[in-house]
Amino acid sequence: MDEQAPRLAVWKFASCDGCQLTLLDCEDELLSVAARLEIAYFLEASSAPGPGPYDLSLVEGSITTPEDLERIRHVRRVSRRLVTIGACATAGGVQALRDFAGVKEFASVVYARPDYIATLDRSTPISAHVPVDFELRGCPIDRRQLLEVISAFLAGRRPVVPAHSVCVECKARGNVCVMVAHGTPCLGPVTQAGCGALCPSFNRGCYGCFGPMESPNAAGLNHWLRGLGMSTPELVRIYRTYHATTEPFQRAAEEAEEHG
Amino acid sequence: MDAVVIESLEPLIAELRSRGFAVVGPVVRDGAIRFEEIASAGRLARGVTDDQEPGRYRLRETGDEMIFSFAASPDSAKRYTQPPRQALFRMRGERIEEAEEEAPRIALLGVRACDLAAIGVQDRVFLGGRHPDPAYRLRREALLLVAVNCAVPGGTCFCVSMGTGPRVTAGHDIALTELAAPHRFVVEIGSERGEEIVRALPRAPASARDQADAEEVSRTAAGRMGRQVETEGIQERLSAHDSPRWQQVGARCLTCANCTMVCPTCFCTTVEDSTSLADGTAERVERWDSCFTLGFSEVNGTPVRGSNPGRYRQWLTHKFSTWIDQFGMSGCVGCGRCITWCPVGIDVTEELANLP
């Protein structure tokens, strides 16, 4: 590795670590990444953090505590480029379900001493607090897409991360549509591609973990999903999972409640 | 060569394989009829039919010995003539390496008259203009087409309206008609290549009764179309750009692009460039795209067709009207795949019928 290699940092906020782990999962490509970038700060991989500033910061997790609010500003200050990785950092994650109820009540049920818990009322994406250069979707993110984002950063070009539906990838992969052929409810038509149509490839419906595609028509899909037997609570639940507070999915859940 | 009768497909499959063809035929997989490589006739679908309606596809067992009692499969020949993803070239520093064009010899067994018509449309698009596509030509020439006359059209079929079926008339190397009691196939020849293969098979001349039975199959099928389209005046009707109908269908359309992916003639692609982390090579690939994606009509960072109704109108108008201006033929062959595989059951025949 040459002296001038760009420096990479990986940061964690409220999250399960699965997206960071995707970087370590790049087994065949990991040496190439390490050869092109200095992995300067990555606590999941090394307990020896290198000092900033960093050329590329990958940020996992959502903002849920007062301490997070301070730390994300620090991360932004020490990062030339900031890329969020995963549904938590990009959309608030499953923990954004707290937004639909009182976080104090949750804390009182979950913790023996809720008074020890310092937390915010809402779980918010990184972009709600600091400017973000690129948001990579998924729960977890896709390995190929992560490598594409890193490659694009190194080449100084726009990453190829299409915002069309999962169906485009699903058909290219040669899958049979689980909704049409099996009657399995699927969010693929309203969800952004990137996973390689992973769930439908195993005869399961899409759960929408990559969030809304570029022009989602959830009202149109909901009508059909009801015909396949989904109830109002089931519709609300499927939209309020990974991207509960992302506007099109939030509206989709509300639309389901209104027509329930 | 006159029509002949064969009792089994096994010798045909063996003959094709001995000539270096991978035989790709209909099998049952994942609750659907899929086209995949087979080594023997025993792997072929048997005793199943399909029920197709807008947004719904189910297989049903018939219990009989018939192999081809189903209509259009979700797979069309497009996957072989125009693969979903193909490398165009690679760059190492200043050096450009064109991708090696591969064209494995494939015999498609069980394609229908509508599929042959669709290949004809693709031939016009890829080979008929000022810039013929050499990679398409290679793949196309490596393709041998063993067609089957449709006996059981699906609920979303309308090849009679589009003038493409159900009887195979052109574009095939060999055409089969499957007959029952006794189970046999009437074989007709469509090309010299096809004739050579049939001459190598155990066969008997087709009797007058065999031929009459085969004609009856197509006559019955023609009377059982699930859908129809009035093609008379279709270009005038599709010029109704301001019809409120576009808003109505646009409210239903998911812009998911499934219709264009399953369409055997939709040919639009985009290119994607990638750079390798390992050695710095750059690669350009071509992949299926769709007029339903926003990126498809993006100019200077903004899509020209941003609205759902606008994109649906673009697709339907191109398929049934401006395609005729562009290529001198309709872009629709009446296979019904876009109706069956639309996840919310939008029916092009209904949309066309409801235009003023």
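## The contact between chains A and B

In this predicted model, chain A puts 33 residues into its contact with chain B, and chain B puts in 35 residues. On the chain A side, the elements giving two or more residues are α2 (27–36), α6 (143–155), α7 (166–173), α8 (178–182) and α10 (218–227). The largest share comes from α6(A), with five residues. By class, the chain A side divides into 19 nonpolar, nine polar and five charged residues.

## The annotated span of chain A

UniProt, in an unreviewed entry, lists residues 16–152 of chain A as "domain: NADH:ubiquinone oxidoreductase-like 20kDa subunit". The span is 38% helix and 16% strand.

In the contact between them, 35 residues of domain 1 of chain B meet 32 residues of domain 2 of chain B.

On the domain 1 side, β6 (85–92), α3 (113–127) and α5 (159–162) of chain B each supply at least two residues. That side has 19 nonpolar, 10 polar and six charged residues.

## The eight-stranded sheet of chain B

Chain B has an open sheet of eight strands with mixed pairing. The order is β3-β2-β8-β9-β10-β11-β1-β12. The edges are β3 (32–37) and β12 (204–205) of chain B. Each has a single partner strand, so one side of each is left without a neighbour in the sheet.

Helix α7 (residues 208–222) of chain B packs on this sheet. The helix touches β1 (4–6), β10 and β11 of chain B. Its direction makes about 90° with that of β10(B).

## Strand β10 and its partners

How does β10(B) sit in the structure, enclosed or open? Five of its six residues are buried, so β10(B) is largely enclosed by the rest of the structure. Strand β9 (residues 143–148) of chain B pairs with β10(B) in the parallel sense, over three bridges. There, B:Val148 stands opposite B:Leu176.

Strand β10 (residues 174–179) of chain B also pairs with β11 (residues 184–189) of chain B. These two run antiparallel and are joined by six bridges. B:Leu179 stands opposite B:Arg184, and B:Thr177 has B:Val186 as its bridge partner.

The pair β10(B) and β11(B) forms a hairpin with four residues between the strands. In the turn, B:Ala181 has a positive phi of about 50°. The peptide bond from B:Ala181 to B:Pro182 is cis, with omega near -5°. B:Pro182 is found in this loop between β10 and β11 of chain B.

## Other backbone features

Chain A has a cis peptide bond from A:Gly52 to A:Pro53, with omega near 0°. A:Pro53 lies in the loop between β2 (38–42) and β3 (54–60) of chain A.

A:Ala197 is not a glycine, yet has a positive phi of about 55°. This residue lies in the loop between α8 and α9 (198–201) of chain A. A:Ala197 is buried, because 25 other C-beta atoms lie within 10 Å and the cut-off is 20 or more.

B:Thr255, also not a glycine, has a positive phi of about 50°. It sits in the loop between α9 (244–252) and α10 (258–262) of chain B. B:Thr255 counts as buried, with 27 C-beta neighbours inside 10 Å.

How values were computed
Residues are numbered from 1 along each chain as its sequence is written. Chains are lettered from A and ligands numbered from 1 in the order in which they are written. This is a predicted model: local features need pLDDT of at least 70, side-chain atom pairs count only at pLDDT 80 or more; totals for chains, interfaces and linings use all residues. UniProt positions are given in the numbering used here, feature names are shortened, and annotations may be inferred rather than shown by experiment. Two residues are in contact if their C-beta atoms, placed from the backbone, lie within 7 Å. Ala, Val, Leu, Ile, Met, Phe, Trp, Tyr, Cys and Pro count as nonpolar, Asp, Glu, Lys and Arg as charged, and the others, Gly among them, as polar. Two strands pair if DSSP finds at least two bridges between them. Axes are lines fitted to C-alpha atoms, for helices over the stretch in contact, and angles run from 0 to 180 degrees between N-to-C directions. A residue is buried if 20 or more other C-beta atoms lie within 10 Å of its own, exposed if 12 or fewer, and partly exposed in between; C-beta atoms are placed from the backbone.
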